[in-house]
Amino acid sequence: MGVAKRTRKFAQMKRVIGSRDARLKKNQLSGEVEAAKKKKAEEPIREVPQMSSSLFFQANTALVPPYSVLIDTNFLSHTVRAKLDLQTALMDCLYAKVTPIITSCVMAELEKLGPKYRIALRIARDERWERLKCDHKGNYADDCIVDRCLKHRIYLVGTNDRDLRRRLRKIPGVPIIGVGKGKYAVERLPDADH
């Protein structure tokens, strides 16, 4: 009889996992917390702190004629659908001189929407309206409008967008104009007594 080959037995000694190993539960939890913090810091702020809407007339002493109206994309499309002239309808609604203001974000959004919105785009390109250049990256018009209203409370906002209206209601002193039933209407804020 020959000598039996003895194979070396692996893992005779138990190996110890290092304290920084990603497989440990405490390290997994801390990694998830770090990732969540990083993700939260990167996403844009879309929530505005809630304030009482009764401050509408107190907070906005800058609202005097000629009114500056920030126009949103869907406001223009609803205007076309209702067959309204932008300038005259706004003047009929507010009983004063009005300056429609169109930001470059709104223009970019209208251009992206394509040929279906060509009439709204033609109205937006009119040289009578004031243009505002946007210096932020991206062209999401709702964020741009909310940001402008937070910084400068001199604007009325023309929009029919439900989400944008909800965000603007949280900012005191920003009147919202909507299109409905063939005319423009300024939204009454709940606590306003005037």
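Visitor: Which residues in H5 meet Ala141, Cys144 and Ile145 in H7?

Guide: In this predicted model, helix H5 spans residues 104–113 and packs with H7 at an angle of about 165°, their axes lying 9 Å apart. The residues of this contact divide into five nonpolar, no polar and one charged. On the H7 side stand Ala141, Cys144 and Ile145, and the residues that meet them from H5 are Cys105, Val106 and Glu109.

Visitor: Is H5 roughly parallel or roughly antiparallel to H7?

Guide: The crossing of H5 and H7 is left-handed, and the angle between the two helices is about 165°. Angles over 145 degrees count as roughly antiparallel, and therefore H5 is, relative to H7, roughly antiparallel.

Visitor: What is the handedness of the crossing of H7 and H8?

Guide: The axes of H7 (residues 141–151) and H8 (residues 162–169) come within 10 Å and cross at roughly 20°, which means that H7 is roughly parallel to H8. Where they meet, Asp142, Asp143, Ile145, Val146 and Cys149 in H7 contact Leu164, Arg167 and Leu168 in H8. By class this contact has five nonpolar, no polar and three charged residues, and the crossing of H7 and H8 is right-handed.

Visitor: Why do the buried residues lie on the same side of H8?

Guide: The buried residues in H8 are Leu164, Arg165, Arg167 and Leu168, and they pack against H7, strand E4 (155–158) and strand E5 (176–180). They lie on the same side of H8 because the arc that they cover around the axis is only 165°.

Methods. Residues numbered from 1 in each chain as written. Predicted model: local features only at pLDDT ≥ 70, side-chain atom pairs only at ≥ 80, totals over all residues. Heavy atoms only, no water. Axes fitted to C-alpha atoms, helices over the stretch in contact; angles between N-to-C directions. Helix = DSSP H or I, 4+ residues; strand = E, 2+ residues; numbered from the N terminus. Parallel < 35°, antiparallel > 145°, perpendicular 65-115°, else oblique. Left-handed = near helix turned anticlockwise from the far one by under 90°. Contact = heavy atoms within 4.5 Å. Nonpolar A, V, L, I, M, F, W, Y, C, P; charged D, E, K, R; others polar. Buried < 20%, exposed > 50% of the residue type's maximum accessible area, 1.4 Å probe, protein only. Arc of directions from axis to C-beta.
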